[in-house]
Amino acid sequence: MYNAVNKLKETVIGVRDEEGFKGKIINVVNQLPYSCILNLSNTNQSILDKIKQLKLQKNPFNVYSEITPAHTPTEEHDLNPISHIQRRRSTITVNRTNNWRLTQRRGHSAMYAAIDSLKKDYQTLYIGGTGSIFTDENDPIEVNDINEEERDSLTSLLLSKYDMLPIFVEDKLASGHYEGYSKQVLWPLMHYLMWSDNVDEIAFWQDYVKVNEIFAQEAINHYNDGDIIWVHDYHLFLVPQMIRERLPDARVGLFIHTPFPSSEIFRCLPHRREVLQGILGANLIGLQTYDYARHFTSCCTRLLGYEYTPAGILGQGSLVQIGIYPIGIDLERTRDHCNRPGVEPKAKAIRERYAGKKLIIGRDKLDRVKGVLQKLEAFEIFLDTYPEWRDKVVLIQVTSPGVLDTPDLEKKANEIVARVNSKYGSLEFSPANLFNQHIDRDEYYALLKVADIGLVTPVIDGMNTSSFEYIVAQEGHHSPLILSEFTGTARSMSAAIIVNPWNFNEVARAIAECLSMSEEEKKIKYEQLSQFVTSHTASFWARSLVKGLLDTKKSNWGTTAPLDVSRVKVEYDNSSKRALFFDYDGTLVPIHANPEDAKPSERAIEVLKKLCENPQNVVWVVSGRTQEWLDRYLGHIPNLGLSAEHGCFIKDPQSSTWINTAENLDFSWKDGVKEVFEYYTERTPGSTVEEKECCIVWHYRKADPKFGAFQAMECQNHIEQNFVGKQPIECLPNKMNVEVRHSLINKGSVVNRVVAQNHTIDFVLCVGDDKTDEDMFRTLERIQASGTEVVQFIVIVGSHERKTLAKWRLESSTKFLDLLNLLLQE
Ligand SMILES: [Mg+2]
């Protein structure tokens, strides 16, 4: 019997968290940091035949456009500062087997370095797609043509050498997911651009969902209890929720590397709800800056009607935390790159070629968001406005192909360059120089090193790690940095000259200012920038993510099980002191269309009376109703504790007077909130404002349901932006109303008080049906976590599919009364 009860307690209470993290860190990323190249000589005949056919068609899949050619160019001593040769895409083979060769993939170096740095202290697993696969002769191979043996060989190479697990996604699906939905719908959206009319959002969406499922499944397959999972970026927005459904207790984080746009932009996405819900499957969502976090939370309140609290987003009962983690670069590796033997000769060549000139350096992808056109325009204005610098300054702008194909952008950029050079250039001198090509790493760092000004002007950029690389390359030189206010890094690099890239005059002025800056001033500014870059490194970022996720409160996401009433009966009978907390509407009494009709049945009164007669029981009805209502319908029951207005007023079981727990609290915020509510009342026919002692409520029960719900989300957002965080209030989107109340008063405080007054309690039954009851549930969870040995039954009434902290579920208030009757039986 003892064992059975103990077992029972364990399932009810749950096993407590182990101290210290012993699991592994699973990073789920769209692609592996390596391009995988299949050795042709060991390849099966069918692939060779296929390749022959493919060669006949010219590049049939767009998906192959981002290929890194496999042949390694011979190291040559090209003294041309920036060569015009298109083949400049050196690759470094990092590992090989008989079948496979791995080369470093371009881009995202900060993220790859960060994830890699975790290996020093943790057991890690990196799950990523192979991306397109090529032969060593640079021919694309369809993933389906790669046989089991070849797959196994790649998997074992990656696993044994790098703790990485490749995911093979069939080409057409991968293309719809990556080239389609990720790059043509989500990427533009995250950067404040609309996708173009000819993008098939619906077809791409299917592929996006399928590929997300594949990644989620792979993470689930390799998950063990205690592991943590970090999902990265917009390619995998649905993965957190997909994992959550199968692993309710796993700690899952999502880091969004791009900007997060304002809700005005994000709401245009047809699948906005699905995407937000997918993201909200995570326990912790990481973003680069405070602004992006604000935009994200505002999407959750305006588009989903979720509640925002300073602790995070309450996604229907479960708390999703938001963290701000600006990414950094791998300092040591960047320094090594700056000091490679190939760098200095190139730097020297550039200096010689532009001897006596001041060099402004820009290096961006050729995407609309990178602000290359704006930069060129501003440079022209600079030369117009500051004639004294006309023959003394050179702009070297290197662009590499962007995420989207942008031939018109390239054309326009070339036009501006031609215009500037015809105006201010000569036969032997061109002030504006545009190189649209990949440059190799040595050239890149040589450019950063020789710069007299770094000019970084994106119109929107998640972070912009090249501005960090510039700072490292400038060690010993201290040239200033001009940085767009629309980069994530601008939030942390106040010692840069911060500009609005759309204001060409301002950028021109900033260039002039930098050119005449004293050495001393340069040094002071540089040191501040360097301080930030060298302390906020990639590994610092990765460690912060891990710590952030380990610190998240383990909220119970588990689906609720139907209440096993016989278990409750056993525990009830075996206990000596019991606390019973019941909500009123929807719990003791079914919900009525007209709240005035929701009076307690005789049966309900009868069971409450009997429960209260037993001195072993402490019984409380904890409601949102007023004192008058509770007094009128329940006040005559001896020994029943009552709480009105969600914990604001309480009447102890043996007392006949109400205590106002909010007496000394500040309610001056009510006037401002009331004004906002009145604004929405005027614009929402059928809605009303109700002012109570401790809270103020905007009801839209009688308004058009759809419009009412829409207005409620706007209203909630309005209050959150203007009051929450500044005033001690919480804004709760409830069933058909929005309630603003004092943050110190909720139903949880009643539970706390009762438990504190009755030390011998060994059994708790807490039953409720809506959001306000979650405060009781949360308080009980906290009490449990503090180590008290109490058997708890936290029960939600109703069949709706919302997330809750409750562990058990009862169908209806009738079933609830049945349960109470059962408890009363001898
Ligand atoms: Mg209720």
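**Helices, strands and a few residues**

Visitor: At what angle do the axes of H23 and H24 cross?
Guide: The axes of helix H23 (residues 669–683) and helix H24 (residues 705–722) cross at roughly 160° and come within 10 Å. Axes here are lines fitted to C-alpha atoms, for helices over the stretch in contact, and angles run from 0 to 180 degrees between N-to-C directions. Helices (H or I, at least four residues) and strands (E, at least two) are DSSP runs, numbered from the N terminus.

Visitor: Which is H23 to H24, roughly parallel or roughly antiparallel?
Guide: Roughly antiparallel, because of that crossing angle. Angles under 35 degrees count as roughly parallel, over 145 as roughly antiparallel, 65 to 115 as roughly perpendicular and the rest as oblique.

Visitor: Where does this model come from?
Guide: This is a predicted model: local features need pLDDT of at least 70, side-chain atom pairs count only at pLDDT 80 or more, and totals for chains, interfaces and linings use all residues. Residues are numbered from 1 along each chain as its sequence is written.

Visitor: Back to the helices. Which residues make the contact of H23 and H24?
Guide: H23 brings Val 673, Val 676, Tyr 680 and Arg 683. H24 brings Gln 711, Cys 715, His 718 and Ile 719. Two residues are in contact if their C-beta atoms, placed from the backbone, lie within 7 Å.

Visitor: How many helices and strands are in the protein chain?
Guide: The protein chain has 27 helices and 33 strands.

Visitor: How much of the chain is buried?
Guide: 47% of its 826 residues count as buried. The cut-off is 20 or more other C-beta atoms within 10 Å of a residue's own; 12 or fewer is exposed, and in between is partly exposed, with C-beta atoms placed from the backbone.

Visitor: What is Gln 397 in contact with?
Guide: Leaving aside neighbours within four places in sequence, its contacts are Gly 362, Val 372, Lys 375, Asn 433 and Leu 434.

Visitor: And Pro 341, buried or exposed?
Guide: Pro 341 is exposed, because 7 other C-beta atoms lie within 10 Å. Look for Pro 341 in the loop between helix H11 (331–338) and helix H12 (343–353). Its C-alpha atom is 8.6 Å from that of Asp 442, 101 residues apart along the chain.

Visitor: Sheets now. In what order do the strands of the open sheet with E3 and E7 come?
Guide: Five strands form this open sheet, in the order E3-E4-E2-E6-E7, and the pairing is mixed. Strand E3 (93–96) and strand E7 (140–141) are the edges, as each pairs on one side only. Two strands pair if DSSP finds at least two bridges between them.

Visitor: How many bridges join E2 to E4?
Guide: Five bridges join strand E2 (residues 34–38) to strand E4 (residues 100–104), and the two run antiparallel. Ser 35 has Thr 103 in E4 as its bridge partner.

Visitor: What packs on that sheet?
Guide: Helix H4 (residues 148–162) does, touching E2, E3 and E4. The direction of H4 makes about 50° with that of E4.

Visitor: Last one. How many residues of E31 are buried?
Guide: Six of six in strand E31 (residues 763–768) are buried. Phe 763, Leu 765 and Val 767 point one way, while Val 764, Cys 766 and Gly 768 point the other way.

Visitor: Which way does E22 run with E31, parallel or antiparallel?
Guide: Strand E22 (residues 578–582) runs parallel to E31, with five bridges. E31 also pairs in the parallel sense with strand E32 (residues 791–797), over six bridges.
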